[in-house]
Amino acid sequence: MSDLVDTEMAVVMSDGPLRRWLSVDRIADIGLRLAVLGGVYLFWLLATRAADSIFFPVPTDVLPAVWNDWLTDSTTWQDNIVPSVIRLLYGFVLAAVLSIALGLAIGRSQVLLEMLEPTIHFLRAIPPPALLPVFLIIFGIGDMQKVMVIAFGVAPPILLNSIDGARSVDQLQLDSAAALQIGRRGRITKVIFPAAAPKVFAGLRVSMSLAVILMVISELVAATDGIGFRIMRNSRNFAYVDMWAGLVVLAILGILLNAGLTLIERRVLRWRLL
Amino acid sequence: METVVTTLLSADDIHHTYSPGKPEEHRALGGISFSVDEGEFVSIVGPSGCGKTTLMRCLSGLMQPTAGTVLMEGRAISAVPEDLTLVFQDYSRSLYPWLRVADNVEFPLKDHRLPRAERRKRVAQALSDVGLTGHETKYPRQLSGGMQQRVAIARALAYRPSMLLMDEPYASVDAQTRESLEDMLLDVWERRNKTVLFVTHDIDESVYLADRVLVLSKGPSQVIADITVDIARPRDQIDTKADPEFVELRAEVARLIRNAGSDPT
């Protein structure tokens, strides 16, 4: 019986990642996705040509602007991309650290859960953009206010998933640790934390896309730099090519952030991929 | 030659009642007393639902009985004592799926501040004791049920307690795997001078493995018999089970359990 399982595993292993990556199915799969993406581009091109409007510039103008005026322009990096990314990461990391710690604590304590649940649901019912004016009053117009808007907005999915993750830790895994003389601290860091990790990451993924949204929103008001600020300014100044280019940059940023998170997730949750 | 027999673990009139005083009150243990000497292999067998798991949780210190005391090396226990560990039936849930086999085995050692070289040595020895050398870098999920239970046993061994409590550890593996796990356990018990308390609902298993078989009544359970098994060691799955003494003993235990099951005390 055990030998049989072993042989099965060996077959899967020898049919490793590289072979799967290069398989015919895989190539067909990638081909299909690229075809759809190409179709969307073609639609964009034809629609904007037909519209012939300054509000909807053709992609053949927009894409060069993405490259020349955004991605290869050092002033753009300094004034728009870097400030935005820093705010986003500060807000995201701040929210993640606090929400994971608090969420795991709440999830393991019935008392804390009952005490805090109504408050959490009340606070998360407030749409974060509506807090912009409040945070402006509290934190002023600087980076702090924007970081806090992002942090506050991305916290709920991480918090709720961490609570859920901590609650769903198998009691037997904790009993095993107790039977092996693992102390309270060890049980938190070596059992509860990894056991809750899949759910925590599910929360982080949702929050990462929220973070991009909130970053842009926070930069629409009382901002002097950032990607969102420049998009807004462009639309007021009728610089529509640059505005559309900014949207493409946001999409690229979103993809990169998500890819980064996925990379970390794959490392941490390696055991689940097998 | 004179050998000093020391009692390692003893239970003194243990009672346990779930939800006492409430309508759903359930008396699981009704006054259990026995003791296990150092180096002994004792099995506990009883009809299903007789509170075996409750007893194991109380004996291991994971749970406090509502009355009575458990003594480990003469001292009353209030948490899991240092020199004892528990192996659970459900290996798939008691192993950590995010740790590779070797890391699962090393898991309790890291918390006890053992030097790296010593930890490595113990992991290698424990895995070799259970016959899993060569599987160090696999994840539990990649192993069969029997092999996963071997990992759980190796984890308990690496930590080197003198006493192993085992709560129906082989109840969810197939018959052939079970036999090889039984022999592996006997081998380790002998070689590493362990004391084992082995709970099972399988009568053959209880007699085959043990020096003594304790028979429990239906819940609220009590020890209704303490049977000495004087069959020569090393034991053999085929020869021992054909031995007239084995056949006689298994029949005796079976009768006790049948009577205990039909006539609750």
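This is a predicted model: local features need pLDDT of at least 70, side-chain atom pairs count only at pLDDT 80 or more; totals for chains, interfaces and linings use all residues.
Student: Which residues of α4(B) are buried?

Tutor: They are Arg122(B), Val123(B), Ala126(B), Leu127(B) and Asp129(B). These residues lie on the same side of α4(B), because they cover an arc of only 155° around the axis. On the other side of α4(B), Ala117(B) and Ser128(B) are exposed.

Student: How many residues does helix α4 of chain B have, and what span does it reach?

Tutor: One compares the span of a helix with the expected value. Helix α4, residues 116-129 of chain B, has 14 residues. From its first C-alpha to its last it reaches 20 Å, close to the 20 Å expected at 1.5 Å a residue. Just after α4(B) comes Gly131(B), with a positive phi of about 75°.

Student: Which residues of helix α9 of chain A are buried?

Tutor: In α9 of chain A, residues 171-179, the buried residues are Ser176(A), Ala177(A) and Ala179(A). Their arc around the axis is only 165°, which puts them on the same side of α9(A). The elements they pack against are α10 (184-220) of chain A, together with α1 (52-60), β6 and α2 of chain B. Just after α9(A), Gln181(A) takes a positive phi of about 65°.

Student: How many residues does each chain give to the contact between chain B and chain A?

Tutor: One general remark comes before the case. The size of an interface is often given as the accessible area lost when the parts come together. Here the contact is described by residues: 26 come from chain B and 19 from chain A. On the side of chain B that touches chain A, β6 (84-87), α2 (91-94), α3 (101-110) and α5 (145-158) each supply at least two residues. By class, that side of chain B has 13 nonpolar, seven polar and six charged residues.

Student: Into which domains is chain B divided?

Tutor: A domain may be formed from separate stretches of sequence, as the bounds show here. Domain 1 of chain B takes in 1-83 and 163-265, and domain 2 takes in 90-160. Their C-alpha centres lie 25 Å apart. Ten residues from domain 1 of chain B and eight residues from domain 2 of chain B make the contact. On the side of domain 1 that touches domain 2, helix α6 (residues 175-191) of chain B gives the most, with four residues. That side of domain 1 of chain B has seven nonpolar, two polar and one charged residues.

Student: What domains does the assignment give for chain A?

Tutor: Chain A has domain 1 (1-52) and domain 2 (57-273). The centres of these two domains of chain A, taken over C-alpha atoms, are separated by 28 Å.

Student: Is Leu253(A) buried, exposed or partly exposed?

Tutor: One counts the neighbours around the residue. Leu253(A) counts as partly exposed because it has 18 C-beta neighbours inside 10 Å, whereas a buried residue needs 20 or more. Leu253(A) has its place in helix α12 (residues 240-268) of chain A.

Student: What is the mean pLDDT of chain A?

Tutor: A mean should be read together with the values along the chain. The mean pLDDT of chain A is 90, and 92% of its residues reach 70 or more. Over residues 1-14 of chain A, however, pLDDT stays under 50. For that stretch the model has ten contacts beyond four places in sequence.

Key. Residues are numbered from 1 along each chain as its sequence is written. Chains are lettered from A and ligands numbered from 1 in the order in which they are written. Domain bounds come from an automatic or database domain assignment. Two residues are in contact if their C-beta atoms, placed from the backbone, lie within 7 Å. Ala, Val, Leu, Ile, Met, Phe, Trp, Tyr, Cys and Pro count as nonpolar, Asp, Glu, Lys and Arg as charged, and the others, Gly among them, as polar. The expected span of a helix is 1.5 Å times one less than its number of residues. A residue is buried if 20 or more other C-beta atoms lie within 10 Å of its own, exposed if 12 or fewer, and partly exposed in between; C-beta atoms are placed from the backbone. The arc is that of the directions from the helix axis to the C-beta atoms. pLDDT is the predictor's confidence in each residue, from 0 to 100.
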